[in-house]
Amino acid sequence: MKLLLLEDDDLLAESLTDTLKHHGYRIDLATSLKMAKALMATEHYELAILDLGLPDGSGLDLLSQWRRQGQDLAVLILTARDTWDDKVIGLEKGADDYLTKPFHEAELVARIKALLRRRSGNVTQQLSLNGVALDEAGQRISIDGGAWIALTGTEFLLLRYFMHHPNRVLSKDHLLNQLYALDQDIAAPNLVEVYIARLRRHLGKAMIETRRGQGYVLVSR
């Protein structure tokens, strides 16, 4: 699952990128509004972490522009502006959550998970679909209440994305885009086929359908 981080503080950006990668997210970093606009024009993100004070303008103006354009990604504002009216303005501009600096990175990760669960219709601490429970912290699954099964990093990333987007046709290219950040070398498209096969061994063949010429669908019963 790919997130956009808009932050011009190099040390903070590096720390957040490392933390979020550790929790299984792929991060594209923008250090200016111009860079963020360019990335949004070509990439698909589930969530943006948005600083307000950027070298070339206000993050709030960018957020307003996104909402006018119909961009529906989740947005978490991360800023040193901590007055209540700043928070109100940010939320009214279209932010989904607001976290002030300084902060604990564990809280940021928890808020991101909560936002993504809420958008996918899951309100519990675990993702659950068709009898499959996905433990994000442990990167493992349980089938129909059975024993926990550990997933590899890529299996976890792929299944989590599917579970956030059930009944949606997802192409190989789209899935690869979610598995790799722009600063990584993207693997061949057949990597998706390999990991789909691995997930089917855990979940059963019927849960992930192949749509010939289109991609794959995680079917919810």
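Predicted model: local features only at pLDDT ≥ 70, side-chain atom pairs only at ≥ 80, totals over all residues.
Reader: What makes the approach of the Thr-17 side chain to the backbone oxygen of Ala-13 a polar contact?

Author: A polar atom of the Thr-17 side chain lies 2.7 Å from that backbone oxygen of Ala-13. The limit for a pair of N or O atoms is 3.5 Å, with one able to donate a hydrogen and the other to accept it. The distance of 2.7 Å therefore falls within the limit.

Reader: Which residues does Thr-17 touch, not counting those up to four places away in sequence?

Author: They are Leu-5 and Ile-27; contact here means heavy atoms within 4.5 Å.

Reader: How is the protein chain divided into domains?

Author: Domain 1 covers 2-120 and domain 2 covers 126-218. The contact draws 17 residues from domain 1 and 20 residues from domain 2.

Reader: What is known of the area and the polar pairs between domain 1 and domain 2?

Author: Together the two domains bury about 1,500 Å², with 45% of it on carbon and sulfur atoms. Eleven residue pairs are in polar contact between domain 1 and domain 2, while the count of salt bridges is zero.

Reader: Which element gives the largest share of the side of domain 1 that touches domain 2?

Author: That element is α5, with four residues. By class, this side of domain 1 has eight charged, five polar and four nonpolar residues.

How values were computed: Residues numbered from 1 in each chain as written. Heavy atoms only, no water. Domains from an automatic or database assignment. Buried area = accessible area lost by both parts, 1.4 Å probe. Salt bridge = Lys/Arg side-chain N within 4 Å of Asp/Glu carboxyl O. Helix = DSSP H or I, 4+ residues; strand = E, 2+ residues; numbered from the N terminus. Nonpolar A, V, L, I, M, F, W, Y, C, P; charged D, E, K, R; others polar.
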